[in-house]
Amino acid sequence: MNLQDYFSLVFSDYTLRTITFGTAILGAVTGMLGSFAVLRKQSLLGDAISHAALPGIALAFLITGAKDTNTLLLGALVSGLVGTFWIRGIVTKTHLKSDTALGLILSLFFGFGMLLLTFIQKQPNANQAGLDKYLFGQAATLVESDVWLMAIVTGICLIVMLLFWKEFKLLLFDPDYTKTLGFNTKFIDILITTFIVLAIVLGLQTVGVVLMSAMLLAPAAAARQWTNSLGTMVFLAAIFGAFSGVFGTAISASQDNLSTGPVIVIVASVFVIFSFVFSPGRGLLFRQIRFIKNRRDLEFQKTLAFMYHIAETHEDISHPHTIKILNNFQGFTRKTLQKLADKNYVTLDGAMWSLTEEGFETAANLYNQNFKKHE
Amino acid sequence: MSNAQLEIQLIASLVAVACAIPGTFLVLRKMAMISDAISHSILPGLVVGFFITQDLNSPLLILLAALTGVITVILVERIQKTGLVKEDTAIGLVFPAMFSIGVIMIAKNANDIHLDVDAVLLGELAFAPFDRLTIGGTDIGPKSLWVIGIILLATVALLIAFFKELKVSTFDPGLSASLGFSPVVIHYGLMTMSSITTVGAFDAVGAILVVALMIAPAACAYLLTTDLKKMLGLAIFFGVFGAISGYWVAHWLDASIAGSIATMLGVVFFLVYLFAPSKGLIAVMYREKRQRIEVSLLTFLLHLKNHSEEEERHVNHLNEHINWQKVKSKTVLDLALKNNMILINNKIVSLTKKGDEFTSQAIDYIITNEDTQIEDMKKHFFLFRG
């Protein structure tokens with residue numbers, strides 16, 4: 001199947017439609033909530049939580065013996081929350097720093113989860129196959145009810161986010177001020193964190209434990225480059241996330257042997273790279289262009305100023321000088337000279353140059369302007 | 001205990017020691033998550049190395065994979081330097097991308113490659129004794145034992161040779177730069193060593209457990225001591241303890257050795273987290289509670305000193321006016337009485353000479369903004385602490 005087939009089949013084929021909708025919704029909700037994680041400098045929390053969810057899945061299976069997705073995800077949610085609040089406990093109550101706490105919870109919970117999974121695999125009742133799909137996720141196992149669950153959770157997230165928008169925003173940028181205004185910061189904080197955990201848990205089935213953190217971060221990091229407004233960023237992150245989901249599914253469906261999770265992550269990473277390079281405000285490309293332009297302006301001004309100092313020593317400001325004497329300093333290039341001539345600041349005559357009246361005026365004012373700017 | 005069992009425990013212990021040493025420095029330098037990033041992003045390096053060498057234990061493969069780890073670190077730093085995102089976001093962006101590339105490479109070449117992603121994440125220590133190294137027809141032990149042994153030797157040699165430099169650059173990068181040891185060289189040296197250790201260890205124990213073995217023992221040790229040498233020693237001890245006890249738990253449950261080592265480390269960490277003297281949860285909470293009561297006591301004494309009128313010094317006044325609960329006022333009163341700070345006469349509280357002296361000194365410290373001195377003062381005055 002190639003990409004064209006995919007797009008013609010996506011609305012008619014049940015499996016493709018389900019997976020595409022599922023990954024799109026997942027991308028949107030993780031992008032939305034990921035924006036908060038990124039801005040709160042909790043980027044790696046997602047990684048820790050998704051790993052910490054694994055023992056919950058295994059325990060839920062051990063207790064109920066059923067492979068019902070909702071039960072397993074409930075287990076994942078509980079153990080993800082336990083992990084999150086333990087991380088917080090470690091950071092606030094002991095000397096350990098947040099990176100150590102994250103790494104600890106991530107690896108220890110994951111290790112415990114693996115212990116349980118291998119333990120389950122050795123059990124005689126052979127109903128356990130498929131639990132390891134949560135490691136890397138298998139979008140192909142999504143069914144319509146899963147997608148409905150995602151859609152409902154996304155809807156709740158949206159409603160809560162709109163209801164508490166002001167509080168979320170305040171807490172994000174100025175927690176102390178939020179507290180002095182009398183908001184219950186602890187409650188808002190727990191609310192955001194719980195929703196982040198919820199979004200991660202939802203994604204486990206599709207993208208898997210290991211790659212879930214990228215779903216949270218990449219769309220948000222990409223969106224951050226295009227705007228300075230929180231609302232726009234959340235919206236853009238949701239769009240980027242949804243498109244990563246759709247494109248990722250399309251690419252993985254059109255090739256053999258490609259699991260959806262890693263492809264979605266790669267697509268999301270491409271969004272990030274594109275944003276890093278091409279965003280007009282912060283992007284590397286435009287930053288470099290601005291940098292070069294500023295340097296040019298500076299060289300231009302330097303040349304003009306140098307000429308002004310030479311011209312100052314002569315009675316006739318338009319007394320011609322050789323271009324060679326400009327070589328004494330580094331700002332001069334043939335281009336800047338040409339530019340000066342184009343602006344009618346100097347007149348060129350073979351190997352000689354002379355400052356015009358206009359050029360002299362501008363050069364004199366150049367200093368005044370700069371001087372004023374510094375004040 | 002059979003020969004294979006002994007070998008597995010030996011390998012696990014060596015891996016634990018080899019991980020604990022760089023792990024200690026990573027934890028101290030607040031770079032613990034870098035080890036997670038490295039352990040994931042070596043995957044593409046491993047796959048490429050495996051294409052070339054067809055052998056998971058070949059030195060070339062280890063070097064290639066370690067190189068990928070170092071590239072990851074450089075990439076993270078580059079992204080961070082652009083200022084577009086924070087450091088943690090940079091880490092979180094790079095390693096899933098690298099890992100995804102690795103997974104896709106494996107999936108696309110599933111037929112030619114005997115490398116399973118599960119095996120990469122979890123390793124299979126139980127099979128390690130079966131892959132043996134033979135030189136000239138004689139069996140000299142499992143390959144992974146040799147690999148990790150050599151890495152451990154190199155780590156220990158580097159640790160002894162550069163201990164002073166590592167110590168200075170970890171605790172005071174500015175000083176180390178001014179003394180002439182480049183913090184950059186030490187930083188990349190440590191990163192390279194961590195990468196090599198991760199690659200060497202992951203074959204036996206898997207990518208995630210490497211992180212557990214690097215961070216958990218060092219974190220436990222960090223809560224127990226403030227001395228670098230002791231911390232290294234404790235980290236090694238906890239690592240080896242986790243490895244060996246983990247092996248036996250896995251043996252008993254018939255489950256993944258890597259997972260159960262991580263679980264044992266988790267249990268150890270949980271105990272240390274709760275019970276570590278002075279830095280553990282219980283010690284911290286106890287100290288906080290004591291400080292709260294002592295602050296209340298001080299407030300109460302200040303109140304007494306400020307008011308000479310009897311109604312302000314009545315015991316019931318505590319409950320009504322200062323708005324303290326009964327239990328709290330009783331604790332504070334008892335503490336003050338035990339320390340001979342106050343006298344209660346007919347339910348009227350008054351300061352003793354000692355209490356008066358204590359309060360005056362405390363006021364002095366408070367108005368000169370030297371609140372920390374109060375802690376020393378308490379040692380001098382208090383017979384009983386809160």
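Student: OK, where does A:Ser229 lie?
Tutor: A:Ser229 is in the loop between H12 and helix H13 (230–253) of chain A. Helices here are DSSP runs of H or I with at least four residues, strands are runs of E with at least two, and both are numbered from the N terminus. Before we go on, this is a predicted model: local features need pLDDT of at least 70, side-chain atom pairs count only at pLDDT 80 or more, and totals for chains, interfaces and linings use all residues. Residues are numbered from 1 along each chain as its sequence is written, while chains are lettered from A and ligands numbered from 1 in the order in which they are written.

Student: Does that make A:Ser229 buried or exposed, and why?
Tutor: A:Ser229 counts as exposed because it has 10 C-beta neighbours inside 10 Å. The cut-offs are 20 or more other C-beta atoms within 10 Å for buried, 12 or fewer for exposed, and partly exposed in between, with C-beta atoms placed from the backbone.

Student: How many Å separate the C-alpha atoms of A:Ser229 and A:Thr356?
Tutor: Those C-alpha atoms are separated by 48 Å, and A:Ser229 and A:Thr356 are 127 residues apart along the chain.

Student: And where is A:Lys186?
Tutor: A:Lys186 sits in helix H11 (residues 185–207) of chain A. With 9 other C-beta atoms within 10 Å, A:Lys186 is exposed.

Student: New topic: what about phi of A:Lys41?
Tutor: A:Lys41 has a positive phi of about 60 degrees although it is not a glycine. You'll find A:Lys41 in the loop between helix H2 (14–39) and helix H3 (45–52) of chain A. It is partly exposed, with 13 other C-beta atoms within 10 Å.

Student: And phi of B:Lys30?
Tutor: Phi of B:Lys30 is near 60 degrees, a positive value in a residue other than glycine. B:Lys30 is in the loop between helix H1 (3–28) and H2 of chain B. B:Lys30 has 13 other C-beta atoms within 10 Å, so it is partly exposed.

Student: What do the UniProt records say about chain A?
Tutor: An unreviewed UniProt entry annotates "transmembrane region" over several stretches of chain A, including residues 45–64 and 71–89. UniProt positions are given in the numbering used here, feature names are shortened, and annotations may be inferred rather than shown by experiment. In the model, residues 45–64 of chain A are 95% helix and 0% strand, with end C-alpha atoms 29 Å apart. Residues 71–89 of chain A are 100% helix and 0% strand, with 27 Å between the end C-alpha atoms.

Student: How many residues of chain A are in contact with chain B?
Tutor: 49 residues of chain A are in contact with 54 residues of chain B; contact means C-beta atoms, placed from the backbone, within 7 Å.

Student: Which helix of chain A gives the most to that side?
Tutor: H6(A) gives the most to the side of chain A that touches chain B, with 15 residues. By class, that side has 28 nonpolar, 13 polar and eight charged residues. Ala, Val, Leu, Ile, Met, Phe, Trp, Tyr, Cys and Pro count as nonpolar, Asp, Glu, Lys and Arg as charged, and the others, Gly among them, as polar.

Student: Now chain B: at what angle do H6 and H9 pack?
Tutor: Helix H6 (residues 143–161) and helix H9 (residues 183–205) of chain B pack at about 160 degrees, with their axes 9 Å apart. That makes H6(B) roughly antiparallel to H9(B). Axes are lines fitted to C-alpha atoms, for helices over the stretch in contact, and angles run from 0 to 180 degrees between N-to-C directions. Under 35 degrees is roughly parallel, over 145 roughly antiparallel, 65 to 115 roughly perpendicular and the rest oblique. The residues of the contact of H6(B) with H9(B) divide into eight nonpolar, four polar and one charged.

Student: And how do H2 and H4 of chain B cross?
Tutor: The axes of helix H2 (residues 32–53) and helix H4 (residues 87–108) of chain B come within 8 Å and cross at roughly 25 degrees. H2(B) and H4(B) are therefore roughly parallel to each other. By class, the contact of H2(B) with H4(B) has 14 nonpolar, three polar and no charged residues.

Technical notes
Contact = placed C-beta atoms within 7 Å.
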